[in-house]
Amino acid sequence: MSETTQFRVMDFDCPSCASTVERALSKREGVDEVEVHYSTGRVEIEYDDSVADLATFEQTIENQGYTPQPA
Amino acid sequence: MDTQSVKQYYRKHRKAIIVAVSGLLYASGWTLGYVSAFDTASAAILILAAIVGGYDIAKTAYHEVTSRTLGIKTLVTLAAVGAIAIGSYWEAAAVVFLFALGSYLEGRTMRKTRNALEELLEMTPDTATVRRDGEQKEVPAREVEAGEIVIVKPGEKIPVDGDVVEGESAVNQAPVTGESAPVHKADGDEVYAGTINQEGSLEVRTTGSGTDTTLQRIIQRVEAAQEAQSKTESIIDRFAKYYTPGVIALSIGAYAVTQNAILSLTLLVIGCPGALVIGPPVSIVSAIGNAARNGVLMKGGEHLEQAGKIDLVAFDKTGTLTKGETTVADVEGFGVADDEVLELAAIAEKKSEHHLADAIVAAAQDRPTAAADGGTAAVRADTEPASTDAHSIPDPDDFDVVAGKGVIAHYEVSGEAGGSSDGSDGGWEIVVGNRKLLDERGIDIPDEVAEYVREREDRGETVVHIVRDEAVIGTIAMRDELREAAPGVIDQLQDAGIETVMLTGDNERVAAAVAREAGFTGLQERGGEAATQEVGIDDYRAELLPEDKQDVVEGLREDHTAAMVGDGINDAPSLATADVGIAMGAAGTDTAIETADMALMADDLERIPYAVKLSKATRWNIYENVGLAVLTVTVLLAGVLTSYVTLALGMLVHEASVLAVIANGMRLLRH
């Protein structure tokens, strides 16, 4: 089943950091579409919930050095 | 403190801790460096400082490289590693520490900008008191269903969108519309989630809850606007993509030529595109956030930049400059009782949806029932019994609208009396219309009537003629009061060097009177055909049919960046045609919010000069930021090439320029 989830990352410190997170998330298995916005810190992920889960996404964002918050 | 909470504390403040530790190590390493005996210890501590501060940066740089995006962190990592490799430990530690500190401060200040909308979100209460099965129950606000009755006590925030069904109160709508004065709400009035009930207790029938409220839609809209890239932003983004690899190439080239490692590493650091890429989004996000809190929704950075160039504002007259509440000012019968004139006009206009028609019908209904007096022979005997309060108007037998001119209706008077002159259908032909319609139909306007009409029109009133079977029997003069704020707003715009134009379907004389009252200056005397005349400035265009307005706006755009202010529904085509379409009173109408480039949530004209000034300030702010960024890089580059700027100094100035750009952009939050 395709699901959509949102996170907030309030501590992006440069526009390219947001793009790096976007790329990292889009490489995760089961992720269909990712949008990461530097200006608002909003992360929107469309994914297949039989393959991917929220914890993986949070981990991915944290690995990049940022703090995901539930939207 | 147990280990769990220490861990949590660390996770939460990780960045600050890293910056602090790296800074302390850097300071002690630097101090030790002054004592020659401790050279090795100093070097070790400085390397440690670079590793502590640089670990996260290097990790991101690794991700940047593996995902083929060369970013600022790649440059910084290269510079630090390079500095260590050539033994410049102090430089390496300084670069890393300054960059980590800068990033931490950038993240913190951006968080503030990103939070500008948070206070709007917090406006909505979490719980609502609903009436279920005859009992009052406290439930989560998002679980209230449409149709349920919510009770809101004085001083409480309204938890849902809905219509008042019981009670009366003053409601502070600032969170949604930006209006500071409370608005009176009674039976049937619409209220919005997040607004504050100030005086009386209200019962509200829910129309939307949870994410389906006006406030939520505003927030989503504002976020979408903040995320949409403006032209400047996408140009800079595209530029930055080639810029970073370019800087690396330049640095390698410089090393090849000069063999000076420090010089080429310094080039890496100062070449970071920080301030340039951060500037425009910070300005735009701040401005859009500020506007949202003041009841102005901007569609996006693109539109904001465009709005900054506005040099002409066209206003639709009815409902924009005026209150849009047309009322009958005077009914004058010529050889016929005033009441009968009004009654016949109301019958003819009953099925019309024009705002003038509504005013006539409302005025006729408001008259006390006059069934007993002979003047109302027109009232059909077989219509429903006249009610005591509202007077009912019979339907016409048929009616035709002549767009922009009036209506032609037929009405058969039952039984005796009346009767048409030609007798073919046994009824009356009633024409309610302007001079154009009468001329078209070859109906003579007596001098007495024409003079009366002129007199009313000079006061800014719209007059219609009532014709029964080809003879003018009376006139109805209608008035739509100017908004109190209109003259001040026109004045403010003109003072700011912005031209103003009023567009209206009214005739020349009425338009001139209203334009004069509103303070449109530079009025010129002119003949009929106003719409086809040459474009004047600070002017008005009269006698425009709805489709003409779009053409006029198109024409204005030839020499101007033109904004058009209208209601967002009737004026939708001209709003779409204008460079910047501004819809007023958009709180209740989602289409207006969707289509307009700028939507004023309240019917508050004062927001227009505010929005125009904010847009101009934003445009300047973006220029300032881009200018500052380019200037910094140029000066630094010159400094590096002439060896005045070292690695650490380069990083310091670079980070300072980034913070300066953010601080400058954030000024727009408090514009």
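This is a predicted model: local features need pLDDT of at least 70, side-chain atom pairs count only at pLDDT 80 or more; totals for chains, interfaces and linings use all residues.
Of the 671 residues of chain B, 48% count as buried.

**Domains of chain B**
- Chain B is split into four parts: domain 1 (3–116 + 227–284 + 620–670), domain 2 (125–212), domain 3 (285–322 + 482–614) and domain 4 (327–479).
- Taken over C-alpha atoms, the centres of domain 1 of chain B and domain 2 of chain B are separated by 50 Å.

**Nonpolar cores**
- The largest nonpolar core contains 162 residues, and B:A79, B:A93, B:V95 and B:V269 have the most contacts inside it.
- Helix 4 of chain B (residues 89–114) contributes the largest share of this core, with 13 residues.
- There is also a second, separate core of 35 residues, and B:A345, B:V432, B:V463 and B:V464 are among them.
- Which residues are in contact with B:V95, leaving aside its neighbours within four places in sequence? They are B:V76, B:A79, B:A80, B:A83, B:V269, B:L647, B:A648 and B:M651.

**Helix 9 with helix 8**
- Helix 8 (residues 231–258) and helix 9 (residues 261–270) of chain B pack with their axes 8 Å apart, at an angle of about 170°.
- An angle over 145 degrees counts as roughly antiparallel, so that is how helix 8 of chain B and helix 9 of chain B are described.
- On the helix 8 side of chain B, the residues making the contact include B:V247, B:I248, B:L250 and B:Y255. Helix 9 of chain B brings B:A261, B:L263, B:S264, B:L267 and B:L268.
- Sorted by class, the contact of helix 8 with helix 9 of chain B has ten nonpolar residues, three polar ones and no charged ones.

**Helix 9 with helix 23**
- Helix 9 of chain B also packs with helix 23 of chain B, at an angle of about 10° and with the axes 9 Å apart.
- Angles under 35 degrees count as roughly parallel, so helix 9 of chain B and helix 23 of chain B are roughly parallel to each other.
- Here B:I262, B:L265, B:T266, B:V269 and B:I270 of helix 9 meet B:L647, B:G650, B:M651 and B:H654 of helix 23, both in chain B.
- The contact of helix 9 with helix 23 of chain B divides into six nonpolar, three polar and no charged residues.

**A closer look at B:A663**
- B:A663 sits in helix 23 of chain B (residues 647–666).
- Is B:A663 buried or exposed? B:A663 has 12 other C-beta atoms within 10 Å, and 12 or fewer counts as exposed, so B:A663 is exposed.
- In sequence B:A663 and B:V282 are 381 residues apart, while in space they are 8.9 Å apart, C-alpha to C-alpha.

**Where chain B touches chain A**
- 23 residues of chain B are in contact with 20 residues of chain A.
- On the side of chain B that touches chain A, at least two residues each come from helix 2 (39–66), helix 4, helix 7 (214–227) and helix 10 (274–293) of chain B.
- Helix 4 of chain B gives the most to this side, with six residues.
- By class, the side of chain B that touches chain A has six nonpolar, nine polar and eight charged residues.

Definitions and conventions. Residues are numbered from 1 along each chain as its sequence is written. Chains are lettered from A and ligands numbered from 1 in the order in which they are written. A nonpolar core is a set of buried Ala, Val, Leu, Ile, Met, Phe, Trp, Tyr and Cys residues joined through C-beta atoms within 7 Å. A residue is buried if 20 or more other C-beta atoms lie within 10 Å of its own, exposed if 12 or fewer, and partly exposed in between; C-beta atoms are placed from the backbone. Helices (H or I, at least four residues) and strands (E, at least two) are DSSP runs, numbered from the N terminus. Two residues are in contact if their C-beta atoms, placed from the backbone, lie within 7 Å. Axes are lines fitted to C-alpha atoms, for helices over the stretch in contact, and angles run from 0 to 180 degrees between N-to-C directions. Angles under 35 degrees count as roughly parallel, over 145 as roughly antiparallel, 65 to 115 as roughly perpendicular and the rest as oblique. Ala, Val, Leu, Ile, Met, Phe, Trp, Tyr, Cys and Pro count as nonpolar, Asp, Glu, Lys and Arg as charged, and the others, Gly among them, as polar. Domain bounds come from an automatic or database domain assignment.
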